[in-house]
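Hello,

Here is the structure I promised to send over. My notes follow below it.

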Amino acid sequence: MRERRTKVVVVGQGYVGLPVALRAAEAGYFVVGYDVDDTRVKRLAAGDSYIEDVSSEALVAATDAGHYLPSSERRDLAGFDYAIITVPTPLREGLPDLSYIESACQTVSRYLRPSATVVLESTTYPGTTEEVVGTLLEEGSGLEVGVDFHLGYSPERIDPGNPDWNLKNTPKVISGVNAESLDAIRAFYSTIVDEVVAVSGTREAELTKLIENTFRHVNVALVNELAMYASELDTNIWEAIDAASTKPFGFMRFVPGPGVGGHCLPIDPSYLSWRVKQSLGHSFRFVELANDVNDHMPDYVVGRIAAALNARRKPLNGSRVLLLGLAYKRNTSDARESPSVRVARRLLAMGADVRAVDPYVSEPTEVDIPLVELTAEELEAADAAVLLSDHDAFDLGLVEAHAQFVLDTRARLHGGQVERL
Ligand SMILES: NC(=O)c1ccc[n+]([C@@H]2O[C@H](COP(=O)([O-])OP(=O)(O)OC[C@H]3O[C@@H](n4cnc5c(N)ncnc54)[C@H](O)[C@@H]3O)[C@@H](O)[C@H]2O)c1
């Protein structure tokens, strides 16, 4: 029963931290969900989840059972056994921005006690856990890493909106700075996930996450570039990909789209290429090429809309364009780094009258355009529609029946007025 009283602090209650906190609470730990964003903490305290993979009912149940405490008060970290850091790792002017990790470490180090364990889950370049986190925790606490306290890294593999794979049933890679740290980290994660996969060091665990995302980024870029050429060659890329996918070995299906978004693909590979450049002086050419191709996709989408309108004797300037989906992928509310936002910006800059439909996105996005309902009237009033995120909530039959013209970047629509990417 002692384990039931183990205190876990999850620093950062976002897409990664909130599911981890709730899963640990469900497993019986006492969990403090600490976040500097007071508005988010208030919503959590009111039982209102803003992350689609965590239901408000689960949140209320964990809070009522006394297993979960959302907090923006640092003193609630006092006496923790495990601190899991899940704060953002964005790019600032194209370079890794570790300021959130640094500030989280300063907070955690104030409450670090001998025998406690700290795990970094934020995505970052190999070396961060030992060089940055370890150093800051030692400086702030006066304790010695690997001797007085345990430290490790465990990458997050959460796939927002995925109905089949969740935190519990997805194997979790874990690592520690030494054997004792790994033991402590294994003891925690093996109680919240079905399978843990231990690697020999924190750098290997950090690189694991970057390999996974770089692999995806590069393959998405490959099919995106192919999609642009296939269109010019009057060849159906979607059919070719479907046919190639029937090969039972040696091929993995990736599909084109309007560009990459979210917190992973547009950012994580650049952490790796920065590290390679900074430490070794080499350019990571695959990442640069993939960035180049994927970054160009929103402009390409706008070019295709302009060409289609032109064929109908309409200029983009003054035309109404309806964006279907602002989130970067289907069935998620996450519009960060979303290609849809870049499509919207470019269309606005060219004088289009832009509106968007997205039943999932509730937080403000980086572009100021009217959010409307998906209705026959909106579709008929738009000179062009563009399907950017193929949310389940969209009535695609309505789009097919009422749109004058649709550019379909997800290959979900049929009909004479539909053009595929
Ligand atoms: N979103 C994903 O699908 C995903 C998947 C795998 C890995 N990751 C990685 O996980 C990390 C977190 O991503 P996210 O999507 O959960 O971000 P998020 O923006 O949804 O959440 C991060 C939270 O941390 C809080 N925060 C910032 N600084 C803090 C501090 N010093 N102390 C306490 N709280 C602080 C923010 O207020 C925010 O609520 C990133 O490194 C990201 O790359 C994200």
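At roughly what angle do the axes of helix α7 and helix α10 cross? First, the basis: this is a predicted model, where local features need pLDDT of at least 70, side-chain atom pairs count only at pLDDT 80 or more, and totals for chains, interfaces and linings use all residues. Residues are numbered from 1 along each chain as its sequence is written, and side-chain values use heavy atoms, without hydrogens and water.

**α7 and α10**

The axes of α7 (residues 202-232) and α10 (residues 285-311) cross at roughly 45 degrees and come within 8 Å. Axes are lines fitted to C-alpha atoms, for helices over the stretch in contact, and angles run from 0 to 180 degrees between N-to-C directions. Helices are DSSP runs (H or I, at least four residues), numbered from the N terminus. Contact means heavy atoms within 4.5 Å. Residues making it include His217 and Met228 of α7 and Phe286 and Tyr300 of α10. By class, the contact has 11 nonpolar, seven polar and two charged residues. Here Ala, Val, Leu, Ile, Met, Phe, Trp, Tyr, Cys and Pro count as nonpolar, Asp, Glu, Lys and Arg as charged, and the others, Gly among them, as polar.

**α5 and α7**

The axes of α5 (residues 128-141) and α7 also come within 8 Å, crossing at roughly 110 degrees. So α5 is roughly perpendicular to α7. Thr128, Thr129, Glu130 and Glu131 of α5 meet Thr202, Arg203 and Glu206 of α7. This contact has no nonpolar, three polar and four charged residues.

Best wishes

Definitions and conventions
Helix = DSSP H or I, 4+ residues; strand = E, 2+ residues; numbered from the N terminus. Parallel < 35°, antiparallel > 145°, perpendicular 65-115°, else oblique.
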